[in-house]
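Colleague: I should like to discuss the ligand site and some helices of this model. Please state the basis of each value as we proceed.

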Amino acid sequence: MNREKSEKLFIEAEKYIPGGVNSPVRAFKSVDMPPVFVDHGKGSRIYDVDGNEYTDYICSWGPLILGHASPVYYEGIQEALEKGTTFGAPTAIEVEIAKLITEAYPSMEMVRMVSSGTEATMSALRVARGFTGRDKIIKFEGCYHGHSDGLLVKSGSGTLTFGVPTSSGVTPGTAKDTLVATYNDIESVKALFAENPGEIAAVIVEPVAGNMGVVPPDLDFMKGLRKITESEGTVLIFDEVITGFRLAYGGAQEVLGIKPDMTTLGKIIGGGMPVGAFGGRREIMEMVAPLGGVYQAGTLSGNPIAMKMGLNTLTYLRDHPEVYEGLEEKAKRLEAGFKANIEKTGVKAQMVRFKGMTCLFFTDQPIDSYAAVMTSDTRAYTQYFKSMLEAGNFLPPAQFEAIFISDAHTLQDIEKTIEDNYQALKKLK
Ligand SMILES: *Cc1c(COP(=O)(O)O)cnc(C)c1O
């Protein structure tokens, strides 16, 4: 494929934007090539500025559950734009989306809208601290919760890819309140509680880890988290920024049958616009200003245009449960196809799937932990990524990311990708 225009744009971009991109993983740095500049998308496809076509398995890293440029997102947007884009005063649609979210997530008795997943998790932690009067939090190595200071400690996603799981610029004073446990290992959590009695405000977890590739949760581990947080008076926060409205309409908490105290949402809830949300039990959310003493605010929070696109998406998902059946069917086909290819080619790889979330790891270790993930051969991934890209598959440009599919992907798209995967794996041998 010729990507001359992308290459030229990147040289220009690097002059003005750090690394040429506005979010690190977009840079393709870990796969050792210049990034693809996108011109437009439609359904399961994206088209780059040189006119190349790809089946997109990034889907904006999760938000586009209905694919690119679905008319569903845009319904009523022209009228909404004509009314004005932002007021800094409440609008009716904010009530509508809050009602819809709290109905879908019964654990969220009240919800506050923000403009990103980062804001959602950062605010949820502040509320949990205000509520408990405690300082420390527990997170899990390899889980990513956005880029706020206290959460950039042994983090996932781009921080893993670029070798900065604990970011520089985070003060030791901030980092010391973030305790790090091991995902799927309840003993590591019990040990931290034992070492810090009465001091832990919150445990924050991705109920299905999706930022170190995909690591399915051990159900006993998740139940153990619920049990220990309950008995310690600690707020359990499910970070469902990826899993919310993706694993199921009611998210991971519905699938796992576990009710957290607080939940953070993002990605899908904006229908492609910058939106996040945090919510939880009423007595906890009553801590938030102007009701309570925990301050949290935003000039563009609950922005009516973003709310409209979000509401359009969520309403569609509520009324079309078959979207979730379709996602799972496609993910299952991808899993079966990739597994058969691994067997046929003898490449050391693991195909992981949990509901509609999947990831291909280049390791012979079964994927049940951060340690297993870290045995992956990232050089093999780079080579694989490039072959797949040349064959027209836009995969995450890093090993430690999930594959995202949308309702717009067809079984034919999946079959072609399975065939391309076979050819790519064969070349690795
Ligand atoms: C993407 C993500 C975030 C951060 O959301 P942004 O909108 O990028 O700030 C937080 N938590 C999880 C689990 C995520 O996947």
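Colleague: How far is an oxygen atom of the ligand from an N or O atom in the side chain of Asn211?

Modeller: This is a predicted model, in which local features need pLDDT of at least 70, side-chain atom pairs count only at pLDDT 80 or more, and totals for chains, interfaces and linings use all residues. Residues are numbered from 1 along each chain as its sequence is written, and side-chain values use heavy atoms, with hydrogens and water left out. For Asn211, the distance from a side-chain N or O atom to an oxygen atom of the ligand is 3.0 Å.

Colleague: Which atom of the ligand lies 2.7 Å from a polar side-chain atom of Asp239?

Modeller: Thr118 places a polar side-chain atom 2.6 Å from an oxygen atom of the ligand. For Asp239, the ligand atom at 2.7 Å from a polar side-chain atom is a nitrogen atom.

Colleague: What share of the area that the ligand exposes when taken alone does the protein bury?

Modeller: Accessible areas come from the Shrake-Rupley method with a 1.4 Å probe. Taken alone, the ligand exposes 380 Å². Of that area, the protein buries 83%.

Colleague: Is Lys267 buried, partly exposed or exposed?

Modeller: Buried means under 20% relative accessible area, exposed over 50%, and partly exposed in between (1.4 Å probe, protein chains only). Lys267 has a relative accessible area of 25%, so this residue is partly exposed.

Colleague: How far apart are the end C-alpha atoms of helix H13?

Modeller: The expected span of a helix is 1.5 Å times one less than its number of residues. Helix H13 (residues 322–345) has 24 residues and should therefore span 34 Å. The separation of its end C-alpha atoms agrees, at 34 Å.

Colleague: Which residue just after H13 takes a positive phi?

Modeller: The phi in question is about 75 degrees. The residue that adopts this angle just after H13 is Gly346.

Colleague: What distance separates the C-alpha atoms of Gln423 and Ala92?

Modeller: Gln423 belongs to helix H16 and is partly exposed, with a relative accessible area of 34%. Along the chain, Gln423 and Ala92 are 331 residues apart. Their C-alpha atoms are separated by 53 Å.

How values were computed. Helices (H or I, at least four residues) and strands (E, at least two) are DSSP runs, numbered from the N terminus. A polar contact is a pair of N or O atoms within 3.5 Å; within protein, one must be able to donate a hydrogen and the other to accept it, and residues adjacent in sequence count only if both atoms are side-chain atoms.
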